[in-house]
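This report describes one protein model for a reader who has not seen it before. Please look over the sequence and the structure below, then read on.

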Amino acid sequence: MQQHAAELVPLSGYQKLVIFILAMTQFTVVLDFMVMSPMGDILMKSMRLTTSQFGVAVSSYAFSAGLSGLLAAGYADRFDRKKIFLFFYTGFIAGTFLCGMATSYPMLIAARIITGLFGGVIGSISMAIITDIFMLQQRGRVMGFVQMGFGASQVLGIPLDCSWPTAGAGTVLFCGLQVWPYSF
């Protein structure tokens, strides 16, 4: 039985930049979802939320992300990938900012829904961008690098993000991409 070694196709500088941007996007989107769990006690005390209300705040992101995936599935291919990616990521950042500015439970729910609507599609758009830019021999490696943003957000993101509130300041992660003030 013969084994064929796959030829390793080198990545250009532009492709490496795209990988970094997509991985950091994945990092911030997953971190935005994951940061709610460690913030539970802080949010429940500062906004006087019940456990049930906090559960709705966490779930509202997931449900709206799923809904946006279903709604965008039929329309995403009609637009330029870069433009739709920027549109959804800008909306995601705006929604995250609104989460940080929320001073009441209804405002928090609305902000989480907005964030989920925009953030829920970013992962699939990232994969579509990968298939457009990278050759077939590169895609598996590139998808692995981009998905490392997911794992890194769980291992590095939460400890980095949650260590700053102890200093009494709000969190600004990666030059303002992720904004979560902890003291309302």
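## Aromatic pairs

F85 is buried, with a relative accessible area of 7%; buried means under 20% relative accessible area, exposed over 50%, and partly exposed in between, with a 1.4 Å probe and protein chains only. The model is predicted, so local features need pLDDT of at least 70 and side-chain atom pairs count only at pLDDT 80 or more, while totals for chains, interfaces and linings use all residues. Residues are numbered from 1 along each chain as its sequence is written, and side-chain values use heavy atoms, with hydrogens and water left out.

The structure holds six aromatic pairs. Rings of Phe, Tyr and Trp (its six-membered ring) pair if their centres lie within 6.5 Å; planes under 30 degrees apart count as stacked, over 60 as edge-to-face and the rest as tilted. One of the pairs joins F33 and Y61, whose ring centres are 5.4 Å apart and whose planes stand at 40 degrees, so this pair is tilted. F33 belongs to helix 1 and Y61 to helix 3, so the pair ties together parts that are 28 residues apart in sequence. Helices are DSSP runs (H or I, at least four residues), numbered from the N terminus. F33 is partly exposed at 31% relative accessibility, whereas Y61 is buried at 5%.

F85 and Y89 form a stacked aromatic pair, with 6.3 Å from centre to centre and 5 degrees between the planes. These two residues are four residues apart in helix 4, about one helical turn. Y89 is buried, with 10% relative accessibility. Together with F92, F85 and Y89 form one aromatic cluster.

## Helix 3

Helix 3 covers residues 51-73, which is 23 residues. From its first C-alpha to its last it reaches 34 Å, close to the 33 Å expected at 1.5 Å a residue; the expected span is 1.5 Å times one less than the number of residues. A kink of about 30 degrees is centred on S59, where the bend at a residue is the angle between axes fitted to the seven residues ending there and the seven starting there.

Which residues of helix 3 are buried? They are F54, A57, V58, S60, Y61, S64, A65, S68 and A72. An α-helix has 3.6 residues a turn, so residues three or four places apart point the same way. The cover over the buried residues of helix 3 includes helix 1 (13-34), helix 2 (40-46), helix 4 (81-101) and helix 5 (105-119).

## Salt bridges

A salt bridge is a side-chain nitrogen of Lys or Arg within 4 Å of a carboxyl oxygen of Asp or Glu. By this rule there are three salt bridges. Side chains of opposite charge can pair when their charged atoms come close.

D32 and R112 meet in a salt bridge at 3.0 Å, N to O. This pair links distant parts of the chain, with D32 in helix 1 and R112 in helix 5, 80 residues apart. D32 is buried at 0% relative accessibility, and R112 is buried at 0%.

The side chains of K45 and D41 form a salt bridge at 3.2 Å, N to O. K45 and D41 are four residues apart in helix 2, about one helical turn. K45 is exposed at 60% relative accessible area, and D41 is partly exposed at 46%. Another salt bridge joins D132 and R81 at 2.5 Å, N to O. D132 lies in helix 6 (residues 122-133) and R81 in helix 4, so the pair ties together parts that are 51 residues apart in sequence. D132 is partly exposed at 49%, and R81 is partly exposed at 23%.

## Nonpolar cores

A nonpolar core is a set of buried Ala, Val, Leu, Ile, Met, Phe, Trp, Tyr and Cys residues joined through side-chain atoms within 4.5 Å. The largest core has 22 residues, and L22, I122, I125, F134 and V142 touch the most other members. Helix 1, helix 3, helix 4, helix 6 and helix 7 (136-163) each supply at least two residues of this core. Helix 4 gives the largest share, five residues.

Leaving aside neighbours within four places in sequence, L22 is in contact (heavy atoms within 4.5 Å) with F85, S126, I129, I130 and V146. A second, separate core of 12 residues includes V35, V58, L108 and I109.
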